[in-house]
Every structure is written in C-alpha cells, then in structure tokens.
Amino acid sequence: MAITEPSLVFTAALILLAYLIGSVPFAVVVSKLMGLQDPRSYGSKNPGATNVLRTGNKTAAALTLLGDAAKGWFAIWLAEKLAPGIAPAGLAAFVGHLYPIFLGFKGGKGVATALGVLVAIQPWLALATAATWLIIAVFFRYSSLASLVAAFFAPVYYVFGSGLAWHAQPAMGVALAVIGVLLFYRHRANITRLIQGTESKIGGGKKK
C-alpha cells in the first residue's frame, strides 16, 4: 500500500535511497563485466556511455546508456510506489550520477539519467526532449550542444505542456529546472570549447 503522508525520516530515507541508486556507475560496471578498460582511464575520463563508446564496443556503450537511464527511471518509479509526490527523488538520483559515492563523488554528466527521470515523470515529455536533442544533434552535430538545448527546454515543455498532455506539479518543475542548471554546470568545459570552436563533432575526431 502506498504511503500518502510520509514522515520526514521516511522522506529523507527515500531520497537517500534514490541518491544511492543514481550512484551506481554503470559505465564502470559494464566495462569490468565485459573485460574493457576502466572508462575513467581514457578519453574524457568520464564514466558515461559516450566515453565507453570510444572503446569501439557499441554494445557496452548501449548497455551503459540503458543502465544510466534506467536508474533515473527506477528512482522515480520507486518513490511513486512508496510515497507519491516525492519530487526530489529524481533529482537525488541525478545528483547521485553526477557525484556518486561509489566513485569518490566523481561521476558523469547525467544526460542519460536525466532522460530516465523524464520517462518516469511523463513519457511524452521525454519524447519531446529527446526529439529536441536529436534535431540539434543532426543539424549541428554537437552532442554537447544538443544536450544543453534539451536541458533548457525540458522544464519549459513540462510547464507549457501542463493541461494539454499532462498535469504539471510545481515541485517537479523546480526539480527539472535544477537538473537543467546542473547539466549546464557539468558541461561548462564543453560550453567553453563550443565558444572557441574546438568542440568535437559527432562522428568526427577531436579538434586541436
């Protein structure tokens, strides 16, 4: 039975659990299981699907992407089952990916986990945000730029789509906005390279 009015202790415990779920480093786990090099030792040293793809193992990258997205979805799903309306659960899982306790608080950039959170909140919202990412990626060929644009529009879609495709909750809107801000913060080096024209394009080599 769902708990409709959770206590402060229960809420804190649920948020902590969501953080721990988000902290699971699928890039490292998948790489170890598949006998690949630790993703923190090459490329961008980022424990995420994009860096795992640099090994040339598309299966490992796909599994990492799926795992990172799944943990964002699962954190929200679990929170809704145990205590509906706990908006910070998705944010906690996202923060867990960025600053995982299992990796000394040095994690990935969170794009896949954020997408998983969106899927759990509202699949149509996730689809609209993913479509935005795809459009920018196809036209400009910068994965980082596509992620930044999608991160900006996700909370905008959530607010303006309320009453049309879903019912927005203020707390959830704030959580999505915070996730967007954190995504921009984690992509600050990419933003600098985009401004300087040195950011690598999708399918291309890294610019000097």
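# Helices, salt bridges and a surface patch

Trainee: Where do I start? How do helix α1 and helix α4 cross?

Mentor: The axes of helix α1 (residues 8–23) and helix α4 (residues 58–82) come within 9 Å and cross at roughly 160°. That makes α1 roughly antiparallel to α4, because angles over 145 degrees count that way. Keep in mind that this is a predicted model.

Trainee: Which hand does the crossing of α1 and α4 have, left or right?

Mentor: The α1 and α4 crossing is right-handed.

Trainee: And α6 with α9? What angle do their axes make?

Mentor: Roughly 165°, with the axes of α6 and helix α9 (residues 170–186) coming within 11 Å. So α6 and α9 are roughly antiparallel to each other. Their crossing is left-handed.

Trainee: Which residue does K71 pair with?

Mentor: K71 forms a salt bridge with D68, and the closest N and O atoms are 3.4 Å apart. Both K71 and D68 lie in helix α4. They sit three residues apart, about one turn of the helix.

Trainee: Is K71 buried or exposed? What about D68, buried or exposed?

Mentor: K71 counts as buried, because its relative accessibility is 4% and the cut-off for buried is under 20%. D68 is buried too, at 3%.

Trainee: What does R40 meet in a salt bridge?

Mentor: The side chain of D38, at 2.7 Å from N to O. R40 has 35% relative accessibility, so R40 counts as partly exposed. D38 is partly exposed as well, at 25%.

Trainee: And R193? Which side chain does it meet?

Mentor: R193 meets E199 in a salt bridge, again with 2.7 Å from N to O. R193 is partly exposed at 25% relative accessibility. E199 is buried at 5%.

Trainee: New topic. Which residues form the nonpolar patch on the surface?

Mentor: L16, L20, I101, F102 and F105. Together they have about 480 Å² of accessible area.

Trainee: Where is F105 found?

Mentor: In the loop between α5 (88–98) and α6 (111–121). F105 is partly exposed, with a relative accessible area of 47%.

Trainee: Where does K45 lie?

Mentor: K45 is in the loop between α2 (26–33) and α3 (49–53). K45 is partly exposed, with a relative accessible area of 48%.

Trainee: What about the phi of R141?

Mentor: R141 has a positive phi near 65°, and R141 is a residue other than glycine. Look for R141 in the loop between α7 (123–140) and α8 (143–160). Its relative accessible area is 37%, so R141 is partly exposed.

Trainee: Last one. How many residues apart in sequence are V95 and L182?

Mentor: V95 and L182 are 87 residues apart in sequence. In space they are 8.5 Å apart, C-alpha to C-alpha.

Trainee: Which helix holds V95?

Mentor: V95 lies in helix α5. V95 is partly exposed, with a relative accessible area of 26%.

Note on methods
Residues numbered from 1 in each chain as written. Predicted model: local features only at pLDDT ≥ 70, side-chain atom pairs only at ≥ 80, totals over all residues. Heavy atoms only, no water. Patch = residues over 30% accessible without salt bridge, like charges linked within 9 Å, V, L, I, M, F, W, Y side chains within 5 Å. Areas by Shrake-Rupley, 256 points an atom, 1.4 Å probe, with all protein chains shown as cover. Salt bridge = Lys/Arg side-chain N within 4 Å of Asp/Glu carboxyl O. Helix = DSSP H or I, 4+ residues; strand = E, 2+ residues; numbered from the N terminus. Buried < 20%, exposed > 50% of the residue type's maximum accessible area, 1.4 Å probe, protein only. Axes fitted to C-alpha atoms, helices over the stretch in contact; angles between N-to-C directions. Parallel < 35°, antiparallel > 145°, perpendicular 65-115°, else oblique. Left-handed = near helix turned anticlockwise from the far one by under 90°.
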